[in-house]
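Hi everyone, thanks for coming. I'd like to walk you through one structure today, looking at its aromatic rings and then at its pockets. Here it is on the screen.

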Amino acid sequence: MNKVFLIGRLTRDPELRYTGNNTAVASFSIAVNRNFTNQSGEREADFINIVVWRKQAENVKNYLAQGSQVAIDGRIQTRSYDDQNGQKRYVTEVVADNVEFLGSKGGANSNQTGSNTASNEPTPYDFASSNEPTKTDVDSNPFADFGSSIEISDDELPF
């Protein structure tokens, strides 16, 4: 089984490209904190390359930037290529099946409320934190339209 789950922050803005058949592909890297501290008492991080395809790639480019927190669900992939000197190079990366947007750029230390300040376009967080009232009527009966009531007694149970 090849499955990976990661939570981290983008170390750079995503790069969006298109393949020859016009399929979107975005690449970026995330910093994932380790669960322990080193001998100096500092928490270290791993820097992991991520690749995401199609519509999710476009969403990543439009709504995420350096410092954004994400959860990644995907698989590890290793590929190889020959560099300019003819040396074979290997690249290990996570191919994301799902990218969940967890926090805005800069997280809790930021003054931002989820807006993408680079483009001033709304992010999914802007809609989730809307102050508009919701249509919730706690006094209504959700089963009112299901017909008459049913009486059940313990005498009818088989056990």
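Let's start with the rings: this structure holds one aromatic pair. Its partners are tyrosine 63 and phenylalanine 101, and their arrangement is tilted, with 6.4 Å from centre to centre and 50° between the planes. Please keep in mind that we're looking at a predicted model.

Where in the chain do the two partners sit? Tyrosine 63 belongs to helix α1, residues 54-63, while phenylalanine 101 belongs to strand β6, residues 88-103. They are 38 residues apart, so the pair links distant parts of the chain.

Phenylalanine 101 has a relative accessibility of 19%, and it counts as buried because the cut-off is under 20%.

Now for the empty space. Rolling a probe the size of a water molecule over the atoms shows where such space is left. The largest pocket here has a volume of about 160 Å³. It is lined by 14 residues, and the closest to its centre are Arg17, Ser27, Val51, Arg79 and Glu93.

Which strands contribute to that lining? At least two residues each come from β3 (24-37), β4 (43-53), β5 (69-82) and β6. The most come from β4, which supplies four residues.

Definitions and conventions
Residues are numbered from 1 along each chain as its sequence is written. This is a predicted model: local features need pLDDT of at least 70, side-chain atom pairs count only at pLDDT 80 or more; totals for chains, interfaces and linings use all residues. Side-chain values use heavy atoms; hydrogens and water are left out. Rings of Phe, Tyr and Trp (its six-membered ring) pair if their centres lie within 6.5 Å; planes under 30 degrees apart count as stacked, over 60 as edge-to-face and the rest as tilted. Buried means under 20% relative accessible area, exposed over 50%, partly exposed in between (1.4 Å probe, protein chains only). On a 1 Å grid over the protein atoms alone, a cavity is a set of points where a 1.4 Å probe fits but cannot get out, and a pocket is an open set with protein on both sides within 12 Å along at least five of seven lines; lining residues have an atom within 4 Å of a point. Grid points are joined across faces, edges and corners, and a volume is the space filled by probe spheres set on the points.
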